[in-house]
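Subject: Structure for your review

Dear colleague,

I am passing on the structure below, with notes on what was found in it. Please read the notes alongside the coordinates.

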Amino acid sequence: MIVLDRLTKRFGTTLAVDNLSLTVPNGSICALVGASGCGKSTTLRLINRLSEPDGGHVLIDGTDAASLAPVALRRRIGYVIQSIGLFPHWSIARNIGTVPELLGWPAHRVAQRVDELLDLVGLDPARYRSRRPHELSGGQQQRVGVARALAADPDLLLMDEPFGALDPVTRDGLQGALLDIQARTRKTVVIVTHDIDEAIRLASLIAVLDGGRLIQQGSPHELLARPANAFVEAFVGGPRRGLRLLQVTPVGERTRYGMGAEGVPIDAGATLDVALERMVTGNIDRIPVLDRATGRSGALSLTDIVAPDGALR
């Protein structure tokens, strides 16, 4: 869906994005992470041409973004920002229907799309379509922002730290909603975040940036298991890297198939942190495992997760 080819952007003498190349597969969630000022948000703005590159190219579904009219390009891309940016004097329905109206959709089709999207983001259309933004909580407003970004059914969704200003409970709920929406719509999503736990939870591809350069890219498991250097290792968790690795490692990778254990089996697709929690709360050191895809059964022991010296394997 997206190919960044040697992308470069300067602001005066500052090199904000430095020869960045990255491919984001269709239907995936890619997280751009790194310290403040590393070029994450600038990269996002280069994709939808809110900023123009000084070098390199952005290809969207095989087409060079520079060959498209900026406004027409942006209407094909959903964009969600931390400050949401809803029009305060408009109803929720009109806020969501902004781009479809600009595209000339008939009124009945816009109204139908608004109700579909309110349902999709977990807001009752009858209750919320006529309200104004100030009548909603911050989390509800952010849900409306996501709905507005999806209104014209774009294939690509860009999100610039969309949940950063929310409390932990609301943020957790919206992260879950985004995963659900992406699973149902198969949109390609590029999200900028400074929260590595958010990136690990949401993304199938994480790109770590530093000083405008791409330092490492890979799945959450790849980055946690094999960080490219000390910077990446520190950014993805340092001392907590092992604990985070449990969150992305399937139980099936450590299961001893053919062995038995008592109790209700855990699915082989569950992650090791879930298995470890079950052992700790149940005061047990072994649980049965069932791979529902193949029908194989086995067992996972505490020593398959934690070495005798207490270190995580």
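**Pockets**

The lining of the second largest pocket is made up of Pro168, Arg171, Asp172, Gln175, Asp195, Asp197, Glu198, Ile200, Arg201, Gln247 and Val248, where a pocket is an open set of points on a 1 Å grid over the protein atoms alone, with protein on both sides within 12 Å along at least five of seven lines, and lining residues have an atom within 4 Å of a point. This is a predicted model, in which local features need pLDDT of at least 70 and side-chain atom pairs count only at pLDDT 80 or more, while totals for chains, interfaces and linings use all residues. Residues are numbered from 1 along each chain as its sequence is written, and side-chain values use heavy atoms, with hydrogens and water left out.

The volume of the second largest pocket is about 240 Å³, a volume being the space filled by probe spheres set on grid points that are joined across faces, edges and corners. Its lining comprises 3 nonpolar, 2 polar and 6 charged residues, with Ala, Val, Leu, Ile, Met, Phe, Trp, Tyr, Cys and Pro counted as nonpolar, Asp, Glu, Lys and Arg as charged, and the others, Gly among them, as polar.

The largest pocket holds about 550 Å³ of space, and of its 22 lining residues, Arg74, Ile77, Tyr79, Val99 and Arg148 are the closest to its centre. Strand 6 contributes the most to that lining, with 5 residues, and by class the lining has 14 nonpolar, 5 polar and 3 charged residues.

**Cavity**

There is 1 cavity of 30 Å³ or more in the structure, a cavity being a set of grid points where a 1.4 Å probe fits but cannot get out. The largest cavity contains about 60 Å³, and its lining consists of Val121, Arg143, Val146, Phe163, Leu174, Ala177, Leu178 and Ile181. Helix 8 gives the most to this lining, with 4 residues.

**Contacts of Met159**

Beyond its neighbours within four places in sequence, Met159 is in contact with Leu44, Val80, Val146, Leu178, Val189, Val190, Ile191 and Val192, contact meaning heavy atoms within 4.5 Å.

With best regards

Terms used. Helices (H or I, at least four residues) and strands (E, at least two) are DSSP runs, numbered from the N terminus.
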